[in-house]
Amino acid sequence: MRNVLFVASECTPFIKTGGLADVIGSLPQALKENEGVEVRVILPLYDEIPLEWRDKMEYVMSFNVPLGWRNSEASMYSLEYNNIIYYFVSNEYYFTRKGVYGYYDDGERFLFFSRAVIEALTHLDFKPDVLHAHDWQAGMAVALAKIIQPIFDMKTVMTIHNIKYQGLMPIDIFEDFFDMSREHIGGFEWNGMLNCLKSGLFHADKITTVSPSYGEEIKDPYYGEELHPFLLERSADLIGVLNGIDTKDYNPQTDPAIAVNYRSSRAKKKENKLILQEKLGLPIIAEKPLYIIITRLVEQKGLHLVQHILDDFLHEDVQFIVLGTGDEEFETYFAEAAESHPNKLVTLLAFDEGVARQLYASADFFVMPSKFEPCGLAQLIALQYKTVPIVRETGGLRDTVLPFNELTGEGNGFSFTNYNADDLLATLRYSLRIYHDPIQWPVVVKNVNKSQFSWKSSARDYATIYDQLTTISV
């Protein structure tokens, strides 16, 4: 049995700011249940983790964590949840704060966390064959494992969930925080800064991304956030593995958040739509096509395109609901647009998981015209709730949404290629035409009903990577 230690900065159900937490919450269980991999997860013990979880943690040990000339103490706690053991690294100075990210010393905080992970390995009774680090916050753990702690014959995997965020620090802190020779600085430096993500990528045995298309895109200057030359050099070790979703959790047959449970019934989806329309003050008409956006309100999600065309599209006989929070520009725009279109558009400037699931269960279409999208989980959830996605062909959106083709009858959604508002509007209007087509719409619905994106296939791919690294025959 292979032992794998996941190193990450967030994980459901303990702490979540985005899709990374969903991956770390689901993939270890899929690896254990489907591939027999013994996975454990190590996280920071944030003050934001609810007491219901903190009260269940058991003290494991305390140990010293050296950062250059500094010596700080870390304590470790553990708990078991859904047959997975989770470790939590505690340090009052670094993690007893409000929120998870956004501090001036985030680089130092997660450098401490990474060093604590490496120090803990000498004390734990769990000896990993593979250390699997996720995003920049864990990148230094890969580097330090290779340089200062080669005690175990341990391989490393670095997963890029979003290359835009890299964890940059001034280069002159190298001597201050790293008790190692300057001969190693090249593995940490990029464009004159210490780069936490690059340090992990440089030292990792294998690099993965969260979709095959994103793995190709980040080797291009447009998507690569200035790391593309390095990733091109390491192309042979770069693998795109598509994310999945927890189909037990996201299950419209059993989801307690929705009013009417269903498997694939459009009639029951319409019942949910009627309830939602009444709740939100929209005209209560079951046949009215309902489009939704559920997202962080940020530029990455293609919202500038939506701004350009929303007024035009709302002249059609449709309803639209936007759920999310984010940049003030977009919050203001969608709030004002809802006031201008009171019977067609509802803007909910919040994020509520239960409301999100009610929208997925009620809507006919889910709109996600992202500028870039490493994988995207929302379109997978939409498909799970039998809601037709409308996306731009980028990253994981291209890998999971096949555009509907009237001639062949293939396709589980609608998509457009160029980052262009007119193309988005044309695609929205095309989806509306198909919705009213009594021949073509049932074909789309059938294709959506067949779409499956559980973690089983992804777990198999990762298990293969672990096998290759540890020379265990598959």
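This is a predicted model: local features need pLDDT of at least 70, side-chain atom pairs count only at pLDDT 80 or more; totals for chains, interfaces and linings use all residues.
Visitor: What distance does helix 12 reach from its first C-alpha to its last?
Guide: Helix 12 runs over residues 328–340 and has 13 residues. At 1.5 Å a residue, the expected reach is 18 Å. The model comes close to that expectation, with a first-to-last C-alpha distance of 18 Å.

Visitor: Around the axis of helix 12, what arc do the buried residues cover?
Guide: The buried residues of this helix are Phe 330, Tyr 333, Phe 334, Ala 337 and Ala 338. They lie on the same side of helix 12, because the arc they cover around the axis is only 130°.

Visitor: Which elements pack against the buried residues of helix 12, and which exposed residues does the opposite face carry?
Guide: The buried residues pack against helix 11 (303–313), strand 14 (319–323) and strand 15 (345–348). The face turned away from the buried side carries the exposed residues Glu 328 and Glu 339.

Visitor: Is Pro 374 buried or exposed?
Guide: Pro 374 is found in the loop between strand 16 (365–368) and helix 14 (378–384). Beyond four places in sequence, its contacts include His 161, Tyr 214 and Gly 396. Since the cut-off for burial is under 20% relative accessible area, Pro 374, at 5% relative accessibility, counts as buried.

Visitor: Which residues does Asp 22 contact, leaving aside neighbours within four places in sequence?
Guide: Asp 22 is found in helix 1 (residues 19–35). At 16% relative accessibility, Asp 22 counts as buried. Its contacts are Thr 12, Lys 16, Tyr 250 and Leu 377.

Key. Residues are numbered from 1 along each chain as its sequence is written. Side-chain values use heavy atoms; hydrogens and water are left out. Helices (H or I, at least four residues) and strands (E, at least two) are DSSP runs, numbered from the N terminus. The expected span of a helix is 1.5 Å times one less than its number of residues. Buried means under 20% relative accessible area, exposed over 50%, partly exposed in between (1.4 Å probe, protein chains only). The arc is that of the directions from the helix axis to the C-beta atoms. Contact means heavy atoms within 4.5 Å.
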